[in-house]
Each structure stands twice: as structure tokens, then as C-alpha cells.
Amino acid sequence: MINNCYLSGFSFHVPQQVMTNKDFEKLVDTTDEWITSRTGIHRRHIAANQSCSDLALQASLQALERSGINPRDLTHILLTTFTPDAYVPNAACILMEKLGVRGIPAMDVNAACTGFIYGIELARAICALHPDSMILLTASEVVTSRINLTDRSTAVLFGDGSGACVIAAKPFSNIPSSCYVTDVLLEADGSLGSLLTVNGGGSAHAMKLGQKVDHNFFVQMEGREVFKHAVRSMREISRKILHKNNLTIDDIDLFIPHQANMRIIESLSKKMQIHPDNIFINVQDYGNTSAASIPIALADAWEKGRISKGDLVMLVAFGGGFTWGAVLVQF
Ligand code: ACO
């Protein structure tokens, strides 16, 4: 089966409201110095009244425009998130209504922070099945809707935002921000799921009428364990995808890791011996936006001129589940 897959029109959107580390000093027992030295994060954008689909709409409209595609030309809508507007309807259906599109499949994909990478592989499979596909892939998170702002150990790490691109089995002609998907590798390990959870409201932790939410409703994690697994898994899957494609890390022009934490990125790049000039980092400005982190970083790197025609770019992510994955794209 031919497995051609092209991405185009990388775009991102973040809410207007910015929350700095100094703002957190007023909320919880923390300091700008602690947050900066432990995470590298200086600020993050916080949704005021916007939902997941609101943020997704903005990135999607720009991705469609940059790809020269009318929303009515779409054949599929995939939205990756762990913070959808609601359980039902799914956020992709809400997004489709906002885009003015009807009659095509629209579904949410949840692989936590690895969502966008999983979404690329799903889109690649759809392209193989339906060579005339025109797929909108969006990642959108209002992570702060599932963050306890008084829990200093998680609150300072995350931010809200969205990223999007259009995916097709045929090349996008005359679109500079387009690339070919060379390969994708995905992995997961459910035995480690309890290290990073958002349990409350799920069917195993069902809410009763009138019940108040407790800490289970919000992101809970064993920070140090997550850190270790994130570095190990992203390093290992990067090694595997390079080996599978007869490449070394020196062949990669730009390495774009999940933007969770500067220390995770530094540890990963040190172990993989990646030259600092070849890594893209924007966690300082956005915090960890979960599934949106990779498409935000990709679009940001593109807009900042960090990617040129001919570049081989590697995306690698890790998230709750645990899930992790890597993608090679050729510009
Ligand atoms: N301000 C001040 N002190 C804090 C804060 C804060 N915001 N948060 C925690 N502390 C305190 C703790 O209470 C603890 O105090 P104690 O020693 O009196 O008990 C102390 O700092 C040390 O806490 P640790 O959790 O051991 O701190 P650590 O150095 O491990 O850093 C961190 C915590 C930043 C969360 C780190 O473990 C980490 O980066 N983990 C990775 C987690 C991550 O990025 N997850 C993102 C989601 S998953 C993903 O996207 C991959």
C-alpha cells in the first residue's frame, strides 16, 4: 500500500491572557526563581472563557488559509486533546460546526501530550485508505480547566493553546510550509498510567449529583518519575526511528521535542548529543500545552525561520498513559 502523506499550513493560537511566574507568586507559595530553575518556564497563556474548540478554530482557520484549502474541501477532522469541550458531543464535531462543515467524519483523539503525533499516524492511515483525503489535524488544550491553581507542584507547569495543519496524500503545490512524512513510530505503556492522571469524572471515578470535585478532578503526577520516563522514552524512540531510517542524529536539521520542561529537554538533548543550535525550544513562553505543544512548536519554528526547504525535522513527544512517539518530516 502506498503511504504518501504531506503536512501543510502549520499554525498556532494561544489565548490573550498571559500568566507570569510573578503572577503565581501571588497565588501560591512559589517564586519566579524556583519555577524558572526547575522548569525553564517564564509565562504561559491562559484561556479566559474560550473552550477547546474555540482555540482549535483559530489555529484551524489559519492552517486552512495557509494551505489554500476551503473548509468545505475537508474530508476528515481529527482533534487531539485531553480537555475537550464535553464528553459528548466530541470537540471535533463542535469544531466542524464552527467551521461550517457537515457530513464528514469528525473525531477526538486522546493520547495526552503525544496526541498530535498519534494524530499524524491516524491521518497517514486515512491517506493510505483514501488517497483523495484532505484532513484537518488540530491539537487544542485548555489544560487549565483541569489544573488546581492552588497546587503549586502542577499549576506552574501548564498553559493553554492550539496548533493545526492540513494533511493530504498528495503534495501541496506552491505551499512553502509543507513537508513529507517520512516515518512515524508510536508506543505506549499502560502499566505506568497511575504516574500521571486526571481521574475525576471518568466512569471509574463517576461524579454523583451535588458532589464537590476533589483533587482527583485535576492533573496529578509523580513529577520525578514522569521526568525519568519522559527522558528515557523520548530518547529510546528517537534512537529507534533514526535507526529504522538509516539516519543518525547529525542528519536531523531541527529536533522539536515536547515542550514540557526545559530540564527534560536539556537532559534529552545531552544524552542524545544534539547540538543546541539544532533544538527548538519555546517552553519558556507557553509552558506545557500538552497535545498542542508539538504543533505550537512546529508552527513557531516555521514562523521564526528555523526551518528551510530541504530540512529533515524530527518531532518527539511523551505524555500520560504513558504514550510516546516520534515523527520524521522532510521539508
Ligand atoms: N514552588 C516552590 N516549591 C515547589 C513547587 C513550586 N511551584 N512545586 C513543588 N515544590 C516543592 C515541593 O513541595 C518539594 O518541597 P519539599 O521538599 O518540602 O517536600 C520540593 O519543591 C521538591 O519537590 P520535587 O517535586 O521533588 O521537585 P523537583 O525538583 O522534582 O521538580 C518538577 C518538580 C518541576 C515537577 C519536576 O519533577 C519535573 O519537571 N517533572 C516532570 C514533570 C512534567 O514536566 N510533567 C509534565 C506533564 S507530563 C508531560 O508532559 C511529559
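Predicted model: local features only at pLDDT ≥ 70, side-chain atom pairs only at ≥ 80, totals over all residues.
A residue counts as buried when its relative accessible area is under 20%.

View 1. L64 lies in helix α3. Its relative accessibility is 2%, so L64 is classed as buried. Setting aside neighbours within four places in sequence, L64 is in contact with I69, P71, L74, L99 and V166. C165 is 101 residues away from L64 in sequence, yet the C-alpha atoms of these two residues are 7.4 Å apart.

**View 2. Packing of helix α3 against helix α4.** Helix α3 covers residues 52–67 and helix α4 covers residues 91–99. Their axes are 9 Å apart and form an angle of about 55°. This angle makes α3 oblique to α4. The two helices cross in a right-handed sense. On the α3 side, the contact is made by C52, S53, D54, A56, L57, S60, L61 and L64. On the α4 side, A91, I94, L95, K98 and L99 take part. By class, the residues of this contact are nine nonpolar, two polar and two charged. An α-helix has 3.6 residues a turn, so residues three or four places apart point the same way.

**View 3. Helix α5 and its buried residues.** Helix α5 runs over residues 115–129 and has 15 residues. At 1.5 Å a residue, a helix of this length should span 21 Å, and the end C-alpha atoms of α5 are 21 Å apart, which agrees. Which residues of α5 are buried? They are G115, F116, I117, Y118, G119, I120, A123, R124, I126, C127 and A128. Because 11 of its 15 residues are buried, α5 is largely enclosed by the rest of the structure.

**View 4. Crossing of helix α7 and helix α8.** Helix α7 is formed by residues 223–244, and helix α8 by residues 262–272. The two axes come within 10 Å and cross at roughly 40°. Helices α7 and α8 are therefore oblique to each other. Their crossing is right-handed. From α7, the residues at the contact are F227, A230, V231, M234, R235 and S238. These meet R263, I264, S267, L268, K271 and M272 of α8. Sorted by class, the contact of α7 with α8 holds seven nonpolar, two polar and three charged residues.

Conventions:
Residues numbered from 1 in each chain as written. Heavy atoms only, no water. Helix = DSSP H or I, 4+ residues; strand = E, 2+ residues; numbered from the N terminus. Expected span 1.5 Å × (residues − 1). Buried < 20%, exposed > 50% of the residue type's maximum accessible area, 1.4 Å probe, protein only. Axes fitted to C-alpha atoms, helices over the stretch in contact; angles between N-to-C directions. Parallel < 35°, antiparallel > 145°, perpendicular 65-115°, else oblique. Left-handed = near helix turned anticlockwise from the far one by under 90°. Contact = heavy atoms within 4.5 Å. Nonpolar A, V, L, I, M, F, W, Y, C, P; charged D, E, K, R; others polar.
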